[in-house]
Amino acid sequence: KQLPLPPIILPPPNHLFVRDVWNNNLHREFAAIRKLVASQYNYVSISTEFVGTMARPIGNFRSKTDYHYQTMRSNVDLLNPIQLGISLSDSNGNKPDTGPSTWQFNFQFDISQEMMSTESIELLRKSGINFEEHVNAGVDVSEFAQLMIDSGLLLDSRITWITYHTAYDLGFLINIIMNDPMPNNKEDFEWWVHKYMPNVYDLNLIHKVIRDFTQPGAPQLTLSALADELGIPRFPLFTTTGGQSLLMLLAFCNLSKLSMHKFPNGTDFSKYKNVIYGINGD
Amino acid sequence: STTSDREKPKQVELIRLKYFSIDEVPPTIPQENPPKDVVEKILFIVNNITMDNFETKISDLRQALLPNYFSWFSTYLVVQRAKTEPNYHKLYSRVMTGIGSEILHDYMLNVTLKQLYALLAIKDVQMVDKKHLKNLAAWLGNITLAIDRPIRHRQVAMREMLLDSYQTQRLEVVVPFVCKVLQQAADSKIFRPPNPWTVGILRVLLELNEKANWKLSLTFEVEVLMKDFNLKMKDIKPTNILNTPEITEKISG
C-alpha cells in the first residue's frame, strides 16, 4: 500500500549552497572545514564524479563480491576523479547558519591524458564540467589529501561518514589518501576504510533494508527518487557533484529522524554500519 | 654593591607561537587529584608494569584510575615519566591505550602539547632544554602517529611551523621537534610514507635542507628521519616554496 507522501521539506537557503573549490581557494576553504569539524559538525557525506567504469577485470574470482571489488579497484587505479563533494552537518542534520557547509572540489584533470571515451566527455560537458578549468585551475590531488588527513574528518571515531552506493566514492578517497595502488583484496581495502573512517553508513543500503520490509524485492531507488519519497524538492543544484553530497546528507538525516534511526523491526541502523554495499554487503 | 652583583634568577622570555594551539578538554567529567592511598597504588602499578606482565597490571590500573583522575594521571605520566624516559614511551603509550578511554587520550594530548608549547616558546634558543623537547616530541608522535591518530592542523600545523621558523630564525628548535614527532610514523602503516601528509612535511624539510644554510646537526636530523623511513634523501622531491611571498599564510588558509 502507498504511504502518504511526507510534507515538503524546505531547507534554509544558505544550506542549499555549494562552494566551488579550485586551486586558488583550496587552503582557505579547508580552514573553514576544520573550524566546522571542531565545532560539532561531525557528520560528513561524500560523492565523487569520475569518467565511469572503463575497465573490467578478467580471470577467476573467489566470489561475486570479489569480482565487484576487483572491478572497482582496477578502475580506481586506472582513472582519476574529476570532482569530489562533501557536505557537513551535526548528528541531527543541523547545518551552520552562516557560511558554506557543502564543498565541491574540482581536481586537476587533463582529458588528453585520461582514458575516456568521447561519449563520456560529451556527457560530462553537458552536466556542467568545464575541462579547460580543470587543467588550468584544478586542485592538486596530493595537496587535497594532505589537507584531508589533518582536517579532523579522518581517523576519528567521533566522525560519521554518509555515502550512497559507497564502493567507488570510498575507493577514490582511500586511493588518494593512501597515495599507493589499491590493496589486492577487499579485506585489505576494508581495513583501510575502517581505519580512516571508523563509522560509515551507506544510505542506499539502509534504504534498501527498509524497503525490503514493506515491499520485498522492489527495485532499488535512485538517490533522487529516495529524496522524492522523503519530500525533498528536486533543486537543480542537487545534480552537481557537491549537490549530490548535500542531498545525500539531507536524505540520510531526514530518514534517520522519520525512523528514529531504526528499521521497521526495531533494529538500529548501526547494524549496517561499515557495510560497504556491493563489496561486503552480501 | 655586592647584592646587585649577585645573580638573579633569569627571567625566561616567551614568544607567542603561531600555528600551535591547544584545545582544552571539554569538562564532561569533573577532575580532581586522587587521595593519597590511590596515588600510591597507581604509582606502584606504573613502577612495576612491563610488557611481560602488562595484562594483569593494566586491569589493576583500570580499577584504580577513575575517570576523575585522568587529568592528574596525564600530568604525572607526561611530566614525570615521558618527558625524561624516552626508552619507556612504547610502554607508557600502551598503558594509555590499555585504559581504553578517548577522554584520557584527550588529556594526554592536552598536557603533552602544553609542555611542548612551553619549550618551543622560549625566546632564547640557547635556553631551550633540547633534550626534554625531543623526548616530548617523540612522546607526541607515540600517542598520535604511531597509533594511527592524526595530529590535527588546528592544534599543530607542521608545514606552517617549519616555514614560519625559517622566517623567524627558529629552525634550531622547530626542526628537531618536527623530525622527532614524524619519526614515530615509521611504526604506522597509515602514517609512514607514502602517506601524503607525512611526505608533504618531508618535502618541506628537504627544501629547507637545501636552502636554509643551517647547522650540520639539523641536516643530520633530517637524514636520520629519512633513514627511519628506509628512504634516501633523493627519493623525495623537495618543495619549491620557501621564497614564495606569504606562503605560510596561504597554506594555513
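**Exercise 1.** Is Arg62(A) buried or exposed?

*Solution.* The model is predicted, and local features need pLDDT of at least 70, side-chain atom pairs count only at pLDDT 80 or more, while totals for chains, interfaces and linings use all residues. Residues are numbered from 1 along each chain as its sequence is written, chains are lettered from A in the order in which they are written, and side-chain values use heavy atoms, with hydrogens and water left out.

Step 1. Apply the classes: buried is under 20% relative accessible area, exposed over 50%, and partly exposed in between (1.4 Å probe, protein chains only).
Step 2. Arg62(A) has 59% relative accessibility and counts as exposed.

**Exercise 2.** Describe the salt bridge between Glu29(A) and Arg19(A).

*Solution.* Step 1. The closest N and O atoms of this pair are 3.1 Å apart.
Step 1. Glu29(A) belongs to helix α1 (residues 26-38) of chain A and Arg19(A) to strand β1 (residues 19-21), so the bridge ties together parts that are 10 residues apart in sequence.
Step 2. Glu29(A) is buried at a relative accessible area of 5%, whereas Arg19(A) is partly exposed at 30%.

**Exercise 3.** Which residues of α5(B) are buried, and what covers them?

*Solution.* Step 1. Helix α5 (residues 89-99) of chain B has 8 of its 11 residues buried.
Step 1. They are His89(B), Leu91(B), Tyr92(B), Ser93(B), Val95(B), Met96(B), Gly98(B) and Ile99(B).
Step 2. The cover includes α2 (36-48), α3 (54-64), α4 (70-82), α6 and α7 (130-142) of chain B.
Step 3. Just after the helix, Gly100(B) takes a positive phi of about 70°.

**Exercise 4.** Characterise the interface of chain B and chain A.

*Solution.* Step 1. Taking contact as heavy atoms within 4.5 Å, 21 residues of chain B and 27 residues of chain A take part.
Step 1. The chains bury about 2200 Å² between them, 53% of it on carbon and sulfur atoms; this is the accessible area (1.4 Å probe) lost on putting the two together, summed over both.
Step 2. The rule finds 5 salt bridges across the interface.
Step 3. On the side of chain B that touches chain A, α6 (102-120), α10 (196-211) and α12 (247-252) each supply at least two residues.

**Exercise 5.** Trace the salt-bridge network that holds Arg152(B).

*Solution.* Step 1. Arg152(B) meets Asp156(A) at 2.4 Å, N to O.
Step 1. Arg149(B) and Glu102(B) meet at 2.8 Å. Arg149(B) is in the loop between α7 and α8 (158-167) of chain B and Glu102(B) in helix α6, 47 residues apart.
Step 2. Arg149(B), at 23%, is partly exposed, and Glu102(B), at 28% relative accessibility, also counts as partly exposed.
Step 3. Shared partners join Asp156(A), Arg158(A), Glu102(B), Asp106(B), Arg149(B) and Arg152(B) into one network.

Terms used: A salt bridge is a side-chain nitrogen of Lys or Arg within 4 Å of a carboxyl oxygen of Asp or Glu. Helices (H or I, at least four residues) and strands (E, at least two) are DSSP runs, numbered from the N terminus.
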